[in-house]
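Visitor: I have a model open and some questions about it. Can we go through them one at a time?
Guide: Go ahead.

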Amino acid sequence: MRTVLVCVKTPQAGQKISACATRMGLAQAVKSVEGSPELFLELGRRQVDVVLVDVALAAPDPVKFVKTVRARSPRTGVLLSGAADPRTAAMVVAAGARGVIRTPSNNSDDLLVALAQAIMFASPTLQRVTETVPRQRSTLQGMKLTERELQVLRGMSEGKSNAEIGRDLFVSEDTVKTHARRMFRKLGARDRAHAVAEAFRSGLVC
């Protein structure tokens, strides 16, 4: 079975990834590995649709890292997440990465949102997996998000923190949290990652 392979720093991060994947009905398709050595071992064992790795784990040379992944597994898409500067982001894309998911901090929510985006990137393959996994019935039908809730959701899909979303919308962080709670209820989402995943599946964001 093809997978999304997420390269993490600690066992705790791996556990959070597994829990997030389970909530989205993708436990069989998402695997976490600790560090680059384990990542490259896993790439040698199976075909992987997407590799998601923090820019910090691709150090000291993210460009070389991307080229190495692409050389060993040409059909694998590489996505980097983290606070990469524009020059680095441009260089890794030129080296063959599909993109850089902007996550401004090391907050675990950022990592989970990045995972959700990577999963949606691989959706043509993974949708066939989820069809065989029982899922909670979607609450999207009949539920309409307000324009402000959509703006908050789009900000989350871009990896922005609540404070950053608030600055973009000229509202307080508490107001963003209020909109987020209402939006979570409407989407039937448990957290940011789940909300972003549902939004991509339903076409609310793209």
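Visitor: Is Arg 154 buried, partly exposed or exposed?
Guide: Arg 154 is partly exposed, at a relative accessible area of 35%. Buried means under 20% relative accessible area, exposed over 50%, and partly exposed in between, with a 1.4 Å probe and protein chains only. This is a predicted model, where local features need pLDDT of at least 70, side-chain atom pairs count only at pLDDT 80 or more, and totals for chains, interfaces and linings use all residues. Residues are numbered from 1 along each chain as its sequence is written, and side-chain values use heavy atoms, leaving out hydrogens and water.

Visitor: Where is Arg 154 placed?
Guide: In helix H7, residues 147-157. Helices (H or I, at least four residues) and strands (E, at least two) are DSSP runs, numbered from the N terminus.

Visitor: Switching topic. How do H8 and H9 pack?
Guide: Helix H8 (residues 162-169) and helix H9 (residues 173-187) pack at about 105 degrees, with axes 8 Å apart. That makes H8 roughly perpendicular to H9, a label for angles of 65 to 115 degrees. Axes are lines fitted to C-alpha atoms, for helices over the stretch in contact, and angles run from 0 to 180 degrees between N-to-C directions.

Visitor: Which residues make the contact?
Guide: H8 contributes Asn 162, Ala 163, Ile 165 and Gly 166, and H9 contributes Glu 173, Val 176 and Lys 177. Contact means heavy atoms within 4.5 Å.

Visitor: What about Phe 170, where is that?
Guide: Phe 170 is in the loop between H8 and H9. Its phi is positive, about 60 degrees, although it is not a glycine. At 77% relative accessibility, Phe 170 counts as exposed.

Visitor: Which residues touch the most other members in the largest nonpolar core?
Guide: Leu 5, Leu 39, Leu 43, Phe 65, Val 66 and Leu 80, out of 21 residues. A nonpolar core is a set of buried Ala, Val, Leu, Ile, Met, Phe, Trp, Tyr and Cys residues joined through side-chain atoms within 4.5 Å.

Visitor: Which element gives the most to it?
Guide: H3, with four residues.

Visitor: And what joins Ala 59 and Pro 60?
Guide: A cis peptide bond, with omega about 5 degrees. Pro 60 is in the loop between E3 and H3.

Methods:
Parallel < 35°, antiparallel > 145°, perpendicular 65-115°, else oblique.
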